[in-house]
Amino acid sequence: MIPIEEAVGAISAANRIAIATHVSPDSDALGSLLGLGIGLRAIGKQVALLCDDPVPVKLRFLPESASVASSTDLQPELFIGVDASDPQRLGACSTDWLSSGIPVINIDHHITNLNFGTVNVVDPQAAATTEILPLLLDGLGIVMTQDIATCLATGLVGDTRSFSTSNVTSNTLQVAARLVEAGIDLAGITETTLHRRSVPILRLWGLGLVNLTLDSGVIWTAISLAARREIGMRDSGDIGLSNILISAEEANVAAVFTEQPDNRIDISFRARPGYDVAGVALSLGGGGHTQAAGCLLEGTLEEIVERVVPLLKAQAQPPAQKE
Ligand code: 5GP
Ligand code: MN
């Protein structure tokens with residue numbers, strides 16, 4: 001059972017609340033942060049909205065996105081993490097509050113969630129964290145305004161790739177229907193979230209696709225920091241290339257290795273339905289879902305590719321050939 005009542009009780013008892021989401025925030029991270037934040041402000045709470053990284057330019061259409069910051073003067077009585085499967089993923093902006101002894105509500109949908117909260121509202125059946133939030137908003141008597149619905153729908157559209165992933169359920173669609181009833185522009189949200197990207201991102205796709213490798217059911221490519229800089233990509237965030245790689249007929253598992261500053265490599269994993277990348281991501285200190293996961297590792301591009309690709313090959317074998 002998801003402890004919604006407990007979460008409602010903890011929120012009702014607090015006036016000053018910090019909500020944080022994960023580093024390199026995506027549409028579900030920011031949709032959850034802002035949808036919940038706007039809702040709590042509407043019932044009179046003082047709310048700080050925290051994220052280590054800036055809001056990506058394409059998500060700045062989200063209402064109140066300008067109020068997301070990497071620190072706060074508010075002394076919160078309650079801390080809420082959204083869309084993060086482990087405390088490290090919430091970044092430096094959250095470290096103090098997670099260790100301060102105040103109650104922590106962990107709201108998430110990753111199967112790899114470590115249940116790090118004092119209250120864990122974790123539902124791996126939910127296709128997005130924003131699919132869970134209406135239950136909480138209803139429990140608190142918060143009205144589903146168009147602004148809140150826009151935030152929640154952006155999370156749903158992003159994490160389900162416009163309702164096309166294998167974890168979409170009737171509940172996902174019922175929540176979506178309710179958001180449409182609240183007056184959102186679903187086509188506009190889908191266009192902005194999924195179908196608009198910068199020319200540097202397209203150039204990086206080109207580079208990554210030219211240099212891809214396919215071996216034993218695994219398709220992967222690596223993108224160096226130097227290449228990103230040369231192409232003029234300042235955003236260190238996800239470029240969505242793993243979704244393209246996994247469309248290869250010949251592949252069951254895909255990975256994009258992206259070099260970050262400080263000798264770290266971000267890896268974005270994808271699996272075709274019937275295959276699983278969540279376990280590999282978790283074993284490497286990351287997390288995610290069966291079909292989409294990720295992690296951040298220390299090392300050079302070459303070292304990390306050499307270390308991780310064999311683990312992926314083990315996951316990419318058709319079920320009959322697995323041990
Ligand atoms: P993406 O490849 O789209 O960036 O991420 C796919 C999924 O894996 C998302 O649900 C994302 O939150 C999760 N994920 C990506 N990178 C990491 C990571 O470094 N740590 C954890 N815990 N999860 C990650
Ligand atoms: Mn999510």
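Which strands each supply at least two residues of the shell around ligand 1? Strand S10 (264-271), strand S11 (287-288) and strand S12 (292-298) do so; strands here are DSSP runs (E, at least two residues), helices likewise (H or I, at least four), numbered from the N terminus.

This is a predicted model, in which local features need pLDDT of at least 70, side-chain atom pairs count only at pLDDT 80 or more, and totals for chains, interfaces and linings use all residues. Residues are numbered from 1 along each chain as its sequence is written, chains are lettered from A and ligands numbered from 1 in the order in which they are written, and side-chain values use heavy atoms, with hydrogens and water left out.

**Ligand 1.** Select ligand 1 and the 15 residues around it, each with a heavy atom within 4 Å. Strand S12 gives the most to this shell, with five residues. Next, display Ser268, where a polar side-chain atom lies 2.5 Å from an oxygen atom of ligand 1. Ser85 has a side-chain N or O atom 3.1 Å from a nitrogen atom of ligand 1. Polar contacts are pairs of N or O atoms within 3.5 Å.

**The domains.** Colour domain 1 (4-194) and domain 2 (199-322): both give residues to the shell, so ligand 1 lies between them. The domain bounds come from an automatic or database domain assignment.

**The manganese ion.** Finally, select ligand 2, the manganese ion, with its protein donors Asp28 (OD), Asp83 (OD), His109 (NE2) and Asp159 (OD), 2.2 to 2.3 Å away. Donors are N, O and S atoms within 2.8 Å of the metal (3.2 Å for Na, K and Ca); water is not among the atoms, so sites may look incomplete. Asp28 belongs to helix H2 (residues 27-42) and Asp159 to helix H5 (residues 146-160), 131 residues apart.

Note on methods. Polar contact = N/O pair within 3.5 Å; in protein donor to acceptor, adjacent residues only side chain to side chain.
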